[in-house]
Amino acid sequence: MSIEQQLIALLAIPALGAVLIGVMGRLHPNSREAATFITAVMLASVAWSLASAVAHGARGEIVLSQLNAALSIKLHIEPLGALFATLAASLWIVNSLYSVGYMRGNKEKHQTRFYIFFAISIAAAMGVALAGNLFTLFLFYELLTLSTYPLVTHKGDQATIKSARIYLGILMGTSITLFLPAVIWVSMINGGEFTLGGTLQGKVDGPTAGLLLALFTFGIGKAAVMPIHRWLPAAMVAPTPVSALLHAVAVVKAGVFSITKIILYIFGADWLFSLNTTQWLVWISAFTIISASIVALRQTNLKRLLAYSTIGQLSYVVMATAILKPMAEIGAALHMVAHAFGKITLFFAAGAIYVASKKIDITELAGIAKRMPITMTAFTIGALSMIGVPPTGGFVSKWYILAGAFQADNFLAIFTIITSTALNAAYFLPIIYVAWFMPETVAPKKEHGEAPLAMVIALSITALLALGFFFYNAPVLDLERQLVEVMQ
Amino acid sequence: MLSHLPILQVVVPMLMAPLVLLIQPARLAWALTLATSALAFAIAINLVQLTTSDGPMLYPIGGWEAPYGIELQVDGLSALFLLIVSGASTFVLLAGYQSLISEIKESKLNWFFGAWLLALAGLLGIVVSGDAFNIFVFMEIASLASYVLIAGGPNRQALPAVFKYLIMGTIGATFYLIGIGLIYIMTGTLNMSDIATKLPSVVDQTPILVAAGFISIGLALKAAIFPMHAWLPNTYCFAPNMVTAFLAACSTKIAIYVLLRVDFTLFQSNLIGHLIQFKIFLIPLACMAILAGAYMAMRDTLAKKIFAWSSVGQVGYIILGAALVSHSGLTSALLHSFNHALAKGTIFIGIGLLALQAKSGELSSFAGLGRRHPLAAIAITIAGLSLVGIPGTAGFLSKWLLIQAVFEQPNGVIALLAIVLVSSLMSVVYLARFLETLFFPPAPAGSEPTLPLGATAILVMLALSSIYFGLAPALPMELATQAADTLLGYGK
């Protein structure tokens with residue numbers, strides 16, 4: 001397939017997959033799950049082949065629709081998008097395996113609807129990854145918000161509807177009032193095309209650039225930079241596979257991906273670095289990292305704790321991008337991957353614990369490792385990766401971000417990374433300790449061992465990925481080095 | 001034959017109206033009305049093609065040349081509105097049979113369809129007229145026929161609503177007539193292009209200024225521009241469901257069409273300072289309309305009234321775009337006329353179909369109906385997203401152009417921007433409130449009669465076309481751009 005065909009395929013496969021899942025859902029659950037798997041595997045294989053072509057320097061773009069003289073829906077491929085698309089597509093396979101175990105083990109209703117909207121969400125995430133201009137990015141960004149709404153409200157009870165209102169309200173509110181005007185503004189200045197190194201330099205002055213950056217940072221609510229973060233804990237009412245893939249990988253990474261891409265491809269990192277109106281982004285993301293970690297310390301609900309941890313980790317990516325130095329930009333890309341592997345493992349473990357024991361609170365987890373050793377091993381690996389302990393993937397990305405911070409002499413960033421590492425350890429290590437070494441305090445309602453096999457396999461795979469990323473990350477490095485070739 | 005299309009556009013529905021009166025089985029009368037409307041739609045499509053390829057068409061009635069004879073005129077602007085009116089009528093009729101049967105006595109249906117065709121002929125006639133007085137004549141035909149349509153339903157509350165509409169509509173039309181009369185006194189002609197050439201010699205005369213005032217206010221009343229909107233919410237709410245769908249899609253837009261036509265071709269190029277007056281008069285009204293419409297829609301508890309209030313706000317968007325008097329602003333206004341007609345028509349048809357199963361018009365009567373009839377509810381959802389302006393739907397493009405036009409303004413950018421964006425959020429709220437009621441409560445107990453299949457299919461098709469025109473908007477975008485060119489005089 002040519003690059004252009006692959007671009008279309010990445011959008012079309014999950015979209016057609018959604019239709020296929022809907023048709024198969026009327027026949028038998030097994031055929032529906034088979035449709036999900038086939039779609040996910042096809043998508044991932046196309047994404048991998050595209051990413052390897054990009055690593056060898058291939059580029060391509062295609063205009064899907066020319067709306068008027070100035071506006072078009074356009075896809076293109078570049079290293080960052082290739083990485084995000086490949087990451088989301090590959091983890092979708094594992095997540096589908098996990099979903100089967102979770103949704104059946106938990107006897108959830110409306111499973112066909114769940115799988116359909118999951119596939120649509122993945123299609124929207126692909127669109128975000130491949131967007132060739134700001135207009136297209138905004139289009140798929142909003143589609144992602146809307147297509148995840150039915151997943152967040154899956155349970156359909158009153159509490160869920162309330163949380164979903166927060167979810168939709170914050171994401172739509174920020175995107176319509178801040179992101180959209182910024183998109184239109186920039187599109188009027190330079191057409192909104194993505195060009196590595198940026199095209200705004202010389203067309204707007206420093207304060208305007210700072211204002212635009214603020215509109216983008218807070219308008220892209222999916223990146224959960226404080227104070228636009230409340231939707232993420234609210235979204236935890238969704239079934240755990242949604243929290244795992246969407247609210248640890250696809251949706252939130254779409255947010256930080258968009259910010260990173262806009263900084264590199266609209267503003268240009270070197271130009272932003274030369275301005276003094278953009279330094280606040282490091283401050284606000286540092287603030288988010290520290291305060292999200294402090295809030296996480298106080299959480300007792302496991303999924304909410306993970307949500308706050310995600311908020312902090314997302315701001316790592318934002319801060320790394322905002323350091324505006326080559327090593328840090330590479331670190332940002334690496335951290336997207338490392339955090340994805342680690343956090344999806346943690347969510348998988350949390351969901352496995354819930355399905356097996358119905359426990360959702362960390363105070364109930366004492367001694368659970370004896371019943372669920374594999375799950376808790378995976379949880380431990382994921383947590384260590386969040387803290388950034390070698391040999392886990394989290395160490396690699398933190399290393400690069402730190403290196404970037406030293407390149408920029410950005411002591412605030414260095415301080416933040418060190419402090420937050422300590423805080424991460426402070427909220428993850430106690431959980432691990434009591435789970436492994438304390439006797440059981442809360443007896444489960446009924447005797448249980450590990451969660452269903454599909455879930456255990458899924459979380460073992462992602463835990464191994466989190467470990468493996470420490471030893472084998474060369475392809476990602478090679479890919480993302482291309483991002484910073486133009487930088488000083 | 002093709003050169004006669006402008007007159008056929010009006011004459012066909014007008015002559016069919018008395019014929020439909022004579023047809024007794026309601027189904028046959030409906031089929032004949034639908035066929036007539038479809039023919040009008042086909043003529044409109046032809047006219048669109050002709051004007052885009054060959055430019056404006058002039059048609060002297062009976063061969064009497066203007067300014068002595070009556071002239072019909074079809075250009076890019078009129079073609080767009082012909083498409084909206086005839087399309088709305090056709091698709092509403094197509095999807096609306098069961099709904100109409102359920103609301104209107106069968107013995108009266110032939111009268112009802114006769115009035116429908118008269119309303120259609122009147123609205124189309126306004127658009128093709130090149131003559132200011134004939135616009136008034138057709139306006140009266142359309143209004144009188146639509147009073148009958150609105151009052152024709154089972155709901156007694158429609159009577160006071162229609163009475164209010166009648167009074168306000170008559171005042172509006174009379175104001176327009178007074179204005180035209182004054183212009184006739186000063187220029188001695190009623191033909192629009194003739195007026196445009198004669199106006200410069202009398203522009204400094206008071207009667208012309210008074211005429212401009214009367215015409216603008218009169219048409220603003222007809223177009224339900226805030227605060228002259230008072231007739232609209234109850235009228236839309238209590239009319240038969242399919243009448244609401246038809247009128248909401250096109251009736252206020254036709255008044256806006258006349259306003260733009262008269263203002264841009266007669267006044268703006270001739271009256272000194274009129275441009276500023278036009279902006280200063282309409283921009284604040286449009287802003288208030290946008291906010292008040294969205295706010296009232298957030299608070300109302302009658303399903304149709306929520307979207308009737310939303311129409312007040314959406315008219316505000318159209319007027320705001322037009323009042324910015326820039327190319328992107330006008331394009332946005334005209335494109336939004338098309339997109340809003342499509343979306344609002346779809347929503348009201350959808351509500352009409354669901355109302356077949358709802359006990360009353362209260363929002364709570366619709367609780368859970370989306371679970372029983374997911375297709376219809378999803379269609380309403382899609383059209384609603386277009387109304388909000390979610391990317392990927394048609395409504396997004398008109399909002400994009402509107403915001404672009406706001407950015408191009410020399411001052412007041414932030415205030416206007418805030419109003420447009422905040423009102424978009426408010427529309428998310430009222431839409432979400434309606435959709436939550438449709439989808440989340442359990443489906444109502446009792447028997448499970450299904451919705452008419454054909455009507456649901458039309459509804460879904462209309463909803464999908466909102467997406468289609470969001471992703472491939474070549475047709476409406478070209479028409480709107482062309483119409484904006486016409487209005488700003490680029491085409492001359």
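Colleague: Which share of the contacts in chain B with a separation of 6 or more comes from residues 24 or more positions apart?

Modeller: In this predicted model, residues 24 or more positions apart account for 80% of the contacts in chain B that have a separation of 6 or more, where a contact requires C-beta atoms within 7 Å.

Colleague: How do you know whether the radius of gyration of chain B agrees with that of a compact globule?

Modeller: For 492 residues, a compact globule would have a radius of gyration near 23 Å, and since chain B has 21 Å, the value agrees with that expectation. Along its principal axes, the C-alpha trace of chain B spans about 70 × 55 × 40 Å, and buried residues make up 62% of the chain's 492 residues.

Colleague: What makes up the secondary structure of chain B?

Modeller: Chain B has 19 helices and 2 strands.

Colleague: Which residues meet where α4(B) and α10(B) are in contact?

Modeller: From α4(B) come B:Leu123, B:Ile126 and B:Val127, and they meet B:Cys250, B:Ser251, B:Ile254, B:Tyr257 and B:Val258 of α10(B). Sorted by kind, the residues of this contact of α4(B) with α10(B) are 7 nonpolar and 1 polar, with no charged residue.

Colleague: What makes A:Leu324 a buried or an exposed residue?

Modeller: A residue is buried if 20 or more other C-beta atoms lie within 10 Å of its own, and A:Leu324, with 28 C-beta neighbours inside 10 Å, therefore counts as buried. A:Leu324 is found in the loop between α12 (302–323) and α13 (326–357) of chain A, and it has a positive phi of about 65° although it is not a glycine.

Colleague: How do you know whether B:Val325 counts as buried or exposed?

Modeller: B:Val325 has 20 C-beta neighbours inside 10 Å, and the cut-off for a buried residue is 20 or more, so B:Val325 counts as buried. Its phi is near 45°, which is a positive value in a residue other than glycine, and B:Val325 lies in the loop between α12 (303–323) and α13 (327–355) of chain B.

Colleague: Where are the cis peptide bonds that join A:Pro390 to A:Pro391 and B:Phe226 to B:Pro227?

Modeller: In chain A, the cis bond joins A:Pro390 and A:Pro391 with an omega of about 5°, and A:Pro391 lies in the loop between α15 (373–387) and α16 (393–407) of that chain. In chain B, the cis bond joins B:Phe226 and B:Pro227 with an omega of about 0°, and B:Pro227 is found in the loop between α8 (206–222) and α9 (232–238) of chain B.

Colleague: How many residues of chain A are in contact with chain B?

Modeller: On the chain A side there are 20 residues, in contact with 21 residues of chain B. The elements that give two or more residues to this side of chain A are α5 (134–152) and α6 (158–190) of chain A, and α6(A) supplies the largest share, 10 residues. By kind, the side of chain A that touches chain B divides into 14 nonpolar, 5 polar and 1 charged.

Terms used
Residues numbered from 1 in each chain as written. Chains lettered and ligands numbered in written order. Predicted model: local features only at pLDDT ≥ 70, side-chain atom pairs only at ≥ 80, totals over all residues. Contact = placed C-beta atoms within 7 Å. Helix = DSSP H or I, 4+ residues; strand = E, 2+ residues; numbered from the N terminus. Nonpolar A, V, L, I, M, F, W, Y, C, P; charged D, E, K, R; others polar. Rg over C-alpha atoms; globule rule 2.2 N^0.38 Å. Buried ≥ 20, exposed ≤ 12 C-beta atoms within 10 Å, placed from the backbone.
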